[in-house]
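Colleague: I would like a close look at one part of this model. Please keep the answer plain and connected.

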Amino acid sequence: MRRPKKDIQLTSYDELLGLEESPEKSMNQIVEIELEKLYPGAQCTLDYGEPYQLMMATRLAAQCTDARVNVVTKTLFKKYPTLQAFADADLAELEQDVKP
């Protein structure tokens, strides 16, 4: 699974705001910079390949350890390789797939 790249190096908010056309993207980048200042070197221990997978893994991590979530999501993300596959899944079957 891939992890997001963090290769934006900026020195000022003006420089940051000039990077993106979209105000939402600029705000997201500001938040990322501020979080990096608060938690330098922090690493996400959840394995994921797509943003929606990170969201799902994060929700599962509220119930158990990140290590356990990575075990469950390894097979879960293979069985349901797209967001549409999750949407089309039988709810009872998906509930069983999430249980350890």
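Colleague: To begin, among contacts in the protein between residues at least 6 apart in sequence, what percentage join residues at least 24 apart? Then take me through helix α4, residues 66-79. What does α4 meet in α6?

Modeller: The share is 41%: of contacts between residues at least 6 apart in sequence, that part joins residues at least 24 apart.

Now the setting. This is a predicted model. The mean pLDDT of the protein is 82. Of its residues, 74% reach 70 or more. Confidence is highest in α4, at 95. It is lowest in helix α1 (residues 13-17), at a mean of 52. The protein has 6 helices and 0 strands. Read from the N terminus on, the elements go α-α-α-α-α-α. Of the 100 residues, 20% are buried.

Start with α4 and its partner α6. Two packed helices are described by the angle between their axes and the distance between the axes. For α4 and α6 (residues 91-98), the angle is about 150 degrees. Their axes are 9 Å apart. Angles over 145 degrees count as roughly antiparallel. The two helices are therefore roughly antiparallel to each other. From α4, the residues in this contact are Val72, Leu76 and Lys79. From α6 come Glu93, Leu94, Asp97 and Val98. By class, the contact of α4 with α6 has 4 nonpolar, 3 charged and no polar residues.

Pick out one of these residues, Leu76. Leucine 76 sits in helix α4. Buried means under 20% relative accessible area. Leucine 76 has 4%, so it is buried. Set aside neighbours within four places in sequence. Leucine 76 is then in contact with Leu60, Phe86, Leu94, Asp97 and Val98. Look at Leu94 in that list. Leucine 76 and leucine 94 are 18 residues apart in sequence. In space, C-alpha to C-alpha, they are 8.6 Å apart.

Next, threonine 73, which also lies in α4. Its relative accessible area is 1%, so threonine 73 is buried. Not counting residues up to four places away in sequence, threonine 73 touches Asp47, Ala57 and Leu60.

Ala57 leads us to helix α3, residues 51-61. Its buried residues are Tyr52, Gln53, Met56 and Ala57. These four cover an arc of only 135 degrees around the axis, which puts them on the same side of α3.

Last, step off the helix. Tyrosine 80 is in the loop between α4 and α5. Is tyrosine 80 buried or exposed? Its relative accessible area is 5%, so tyrosine 80 is buried. Again, leave aside neighbours within four places in sequence. Tyrosine 80 is then in contact with Tyr52, Ala85, Phe86, Ala89, Glu93, Leu94 and Asp97. Tyr52 is one of the buried residues of α3. Glu93, Leu94 and Asp97 are among the α6 residues that α4 meets. Tyrosine 80 and leucine 94 are 14 residues apart in sequence and 9.3 Å apart in space, C-alpha to C-alpha.

Definitions and conventions: Residues numbered from 1 in each chain as written. Predicted model: local features only at pLDDT ≥ 70, side-chain atom pairs only at ≥ 80, totals over all residues. Heavy atoms only, no water. Axes fitted to C-alpha atoms, helices over the stretch in contact; angles between N-to-C directions. Parallel < 35°, antiparallel > 145°, perpendicular 65-115°, else oblique. Contact = heavy atoms within 4.5 Å. Nonpolar A, V, L, I, M, F, W, Y, C, P; charged D, E, K, R; others polar. Buried < 20%, exposed > 50% of the residue type's maximum accessible area, 1.4 Å probe, protein only. Arc of directions from axis to C-beta. pLDDT = per-residue confidence, 0-100.
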